[in-house]
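Here is a friendly note to read alongside the model. Take the points in order, and keep the viewer open as you go.

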Amino acid sequence: MCHATVRCPDPAPAADPVPPRPRSHTRSDRAGVRPLGRPLWDRPNPKPDRTRDRARTTGLPHPHCRPAAAEPYPRQKESLLRALVYYVAATLDGFIAGPGGEFDFLPVPEDITADTLEVLPETVPTHVRAALGLPDRPNQRFDTALMGRGTYEPALREGVTSPYAHLRQIVFSRTLAGEDPAVQIIGDRPPAEVVRELKQQDGADIWLVGGGKLAAALLDEIDELIVKRSPRVACAGIPLFDGEFTPTAFVPVATKEFASGITRTTYVRER
Ligand SMILES: NC(=O)c1ccc[n+]([C@@H]2O[C@H](COP(=O)([O-])OP(=O)(O)OC[C@H]3O[C@@H](n4cnc5c(N)ncnc54)[C@H](OP(=O)(O)O)[C@@H]3O)[C@@H](O)[C@H]2O)c1
């Protein structure tokens, strides 16, 4: 609940609404210049509260009014269509990989691994689950994974042709030949058109794995963005969205902070 501001009636009208100015040594002080009218901190804020306005238009609670976020934020139920969710790890400055595709500087600490296995186990690659001896857990939210060639290729280079064997896998590429029957390569259709078609089909939500170029091509179709933000900057690399300048609004709906310093924030698309 918002804290409403309750004003107590003054026992007597204030003689001078301008409180005495603290002594300072600014040039304007020395010149005897004083601000006119009410002090800045006592004036109404002329700027609109965009977050509050968004909360009104989306029906979502204002962030200041929300209780501590429940995680994971439940699937948005307004739409019966499958949601396209870009679930990704990034630096504070919004990079998902280094300039050469490096990702070892984005650590996956134990608390994140444990949480991922609990909340979205299907986002852990099949071969990684096996290598770590992790229990084979059922998919919680997604049944389909979308990857750009740049995201699929690092696995390919390691000889892994089906990184998410427990999901339907679609890779967008105009240059790759199919390496594995479990992975569908699409090179002759715009990704957004394919996603619109997928949304019409029955099924669970669709995970946009990445990367930046594919995310930019699919920006109009992204319903939810979940960013695991590491407390570090990279200064350069592959951005969350690698496309043309396209300002697009999302509304934060939940954040979870981990002891390792990573925060996971869920944003929904402002429609
Ligand atoms: N931090 C994370 O959570 C995370 C998640 C995912 C990826 N990543 C990293 O991100 C990097 C890859 O990102 P990226 O931006 O370089 O590549 P990307 O988005 O994964 O793939 C781009 C490729 O997708 C294909 N494509 C097909 N249609 C397209 C379209 N309409 N628009 C754009 N691309 C289309 C093209 O392949 P063709 O040239 O073959 O046509 C294009 O080169 C990797 O280093 C990966 O490790 C990080």
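In which loop does Gly101 lie? Gly101 sits in the loop between β2 and α3 (110–119). Before going further, please note that this is a predicted model, where local features need pLDDT of at least 70 and side-chain atom pairs count only at pLDDT 80 or more, while totals for chains, interfaces and linings use all residues. Residues are numbered from 1 along each chain as its sequence is written.

1. **The chain overall.** The protein chain has seven helices and ten strands; these are DSSP runs numbered from the N terminus, with helices (H or I) of at least four residues and strands (E) of at least two. Of its 271 residues, 24% are buried. A residue is called buried if 20 or more other C-beta atoms lie within 10 Å of its own, exposed if 12 or fewer, and partly exposed in between, with C-beta atoms placed from the backbone.

2. Eight strands make an open sheet with mixed pairing, in the order β5-β4-β3-β6-β1-β7-β10-β9. Its edge strands are β5 (183–186) and β9, each of which pairs on one side only. Two strands pair if DSSP finds at least two bridges between them. Strands β1 and β7 are parallel, with seven bridges, and Tyr86 stands opposite Leu225 in β7.

3. Strand β9 (residues 250–257) runs antiparallel to β10 and is joined to it by seven bridges. Within this pair, Ala254 faces Thr266 in β10. Five residues lie between the two strands of the hairpin, and Gly261 in the turn has a positive phi of about 100°.

4. **The nonpolar core.** Which residues have the most contacts inside the largest nonpolar core? They are Val85, Leu146, Trp207 and Leu208, in a core of 41 residues. Such a core is a set of buried Ala, Val, Leu, Ile, Met, Phe, Trp, Tyr and Cys residues joined through C-beta atoms within 7 Å. Strand β1 gives the largest share, seven residues. Leaving aside neighbours within four places in sequence, Leu146 is in contact with residues including Ile170, Ile206 and Leu214; contact means that the C-beta atoms, placed from the backbone, lie within 7 Å.

5. **Around the ligand.** There are 28 residues around the ligand, and those that come nearest are Gly101, Gly148, Gly150, Gly210 and Gly211. A residue counts as near if its C-beta atom, placed from the backbone, lies within 6 Å of the molecule. This shell has 15 nonpolar, nine polar and four charged residues. Here Ala, Val, Leu, Ile, Met, Phe, Trp, Tyr, Cys and Pro count as nonpolar, Asp, Glu, Lys and Arg as charged, and the others, Gly among them, as polar.

6. **Back to Gly101.** Is Gly101 buried, partly exposed or exposed? Gly101 is partly exposed because 15 other C-beta atoms lie within 10 Å. Gly101 and Gly237 are 136 residues apart in sequence, yet 7.5 Å apart in space, C-alpha to C-alpha.

7. **Two backbone details to check.** Most residues other than glycine have a negative phi, and most peptide bonds are trans. Gly210 and Gly211 are joined by a cis peptide bond, with omega about -5°, and Gly211 is in the loop between β6 and α7. Cys235 has a positive phi near 70° and belongs to the loop between β7 and β8 (238–239). Cys235 counts as exposed because it has 9 C-beta neighbours inside 10 Å.

Methods
Two residues are in contact if their C-beta atoms, placed from the backbone, lie within 7 Å.
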